[in-house]
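Student: I am new to this structure and would like to go through it step by step. Could we begin with what counts as two residues touching?

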Amino acid sequence: MTHTIGVIGLGNMGRNMAATLVKKSFTVIGFDLSETACKQAVEQGVIPASQLSILTEQCDIIILSLPKAEHVEAVCLGANGLIHLVTAGTTIIDTTTSVPETSRMVAAECVKRDIAFLDAPVSGGPAGAAAGTMSMVIGGDMKAYRHVLPVLEAMSSTRVHVGDVGAGNIAKIANNMLAAAHLITTAEALTLAEKAGVDPEKVLEAINAGSGRSAASQAMFPTWVMTKAYDSGFTMGLMRKDVGLAKTLAQSLNVELPMAMKSAELWEDSIHKLADSDDFCCIAQCTNPLLFG
Ligand code: NAD
């Protein structure tokens, strides 16, 4: 495959995805509104585009890694957005954790111009993006998915095509709803053990050998919470956004999710203690500031 790949959004995830593609011999052109983000990507071999049109002239596969749905909508459908710039036959791979309805709406506009749009949100954090070992969930046209598969394979170790466009984000929202709750319940389990006089480090080891384990207990707590490093590269602001996406989706479908709604309330309330820029693992400090602070 000789495509030149465009990456729009060169933050914690986009920059590392772009760097991985460079390492795997793709030519990558990157665009970001932030000069710092562009500079960091250039250091990793990404060719910077000073404007979107420079990127779209050379790329027929374009990856988005933007904070929220509103950014995806603006970049794709805005006055100077992608649908006005890209050539027919282009495929847009949106790795943003976004609103399923936005994915569907953008895809519908794209299809009118013979542009394919896949929603393909990711798991694995900046480290997974840098190692090319992310997990991706993909929604959208199977022909478009097959067309870009070599690019997805270069960035990820697992891929699940879950259905039509929007399904990728529904799967990702369900996943992050669990991840958000697991962080809190793991902090509560270790708090309970500590109050009962048992070493939380030992209890974490026991949980990871037992049925209570999760990515929170196996990766997040050992790497970022117990070490107090709190440098995962995923922010409170982005996790609050994801928890909000789950809540909105549940409400729009009239689905009652009492446990998830309690978790959402705790994530929302954390705004009084933790800034959007803080690491998402800091949520453990809301349960037990002495143990995890
Ligand atoms: P980030 O804030 O680090 O990066 C986003 C980048 O997009 C920034 O550099 C910003 O300047 C750029 N941007 C915003 N608007 C733009 C525009 N109009 N044109 C060009 N660039 C623009 O965010 P991130 O942590 O890289 O996350 C990106 C997405 O991936 C989010 O949806 C997030 O929820 C999801 N995600 C993040 C992680 C993680 O661990 N960080 C893991 C899985 C999924």
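Tutor: Two residues are in contact if their C-beta atoms, placed from the backbone, lie within 7 Å. Please keep in mind that this is a predicted model.

Student: Good. Which residues does Lys-172 touch, leaving out those up to four places away in sequence?

Tutor: Leaving out residues up to four places away in sequence, Lys-172 touches Thr-97, Pro-121 and Val-137.

Student: Which helix holds Lys-172, and is Lys-172 buried or exposed?

Tutor: Lys-172 is part of helix α9. It counts as buried, because 28 C-beta neighbours lie inside 10 Å.

Student: What does UniProt say about Lys-172?

Tutor: An unreviewed UniProt entry places the annotation "active site" on Lys-172. The unreviewed entry also gives "domain: 3-hydroxyisobutyrate dehydrogenase-like NAD-binding" for residues 166-283.

Student: How much helix and strand is there over residues 166-283?

Tutor: The chain there is 68% helix and 0% strand.

Student: Let us turn to the domains. What does the domain assignment give?

Tutor: The assignment gives domain 1, residues 4-165, and domain 2, residues 170-292. Taken over C-alpha atoms, their centres are separated by 28 Å.

Student: And how many residues of each domain are in contact with the other?

Tutor: On each side the count is 12: 12 residues of domain 1 are in contact with 12 residues of domain 2. On the side of domain 1 that touches domain 2, seven residues are nonpolar, four are polar and one is charged.

Student: Where does the ligand lie relative to the two domains?

Tutor: Both domain 1 and domain 2 give residues to the shell around the ligand, so the ligand lies between them.

Student: How many residues surround the ligand, and which are the closest?

Tutor: There are 27 residues around the ligand, and the closest are Gly-9, Gly-11, Asn-12, Met-13 and Phe-234. The elements that give two or more residues to this shell are α1 (12-23), α4 (69-77), β7 (122-123) and α7 (125-131).

Student: What is the make-up of that shell by class?

Tutor: The shell has 14 nonpolar, 12 polar and one charged residues.

Student: Last topic: what is the exposure of Glu-194?

Tutor: Glu-194, which lies in helix α9, is partly exposed, with 16 other C-beta atoms within 10 Å. Not counting residues up to four places away in sequence, Glu-194 touches Pro-200 and Leu-291.

Note on methods:
Residues numbered from 1 in each chain as written. Predicted model: local features only at pLDDT ≥ 70, side-chain atom pairs only at ≥ 80, totals over all residues. Near = placed C-beta within 6 Å. Helix = DSSP H or I, 4+ residues; strand = E, 2+ residues; numbered from the N terminus. Nonpolar A, V, L, I, M, F, W, Y, C, P; charged D, E, K, R; others polar. Domains from an automatic or database assignment. UniProt positions renumbered as here; feature names shortened; annotations may be inferred. Buried ≥ 20, exposed ≤ 12 C-beta atoms within 10 Å, placed from the backbone.
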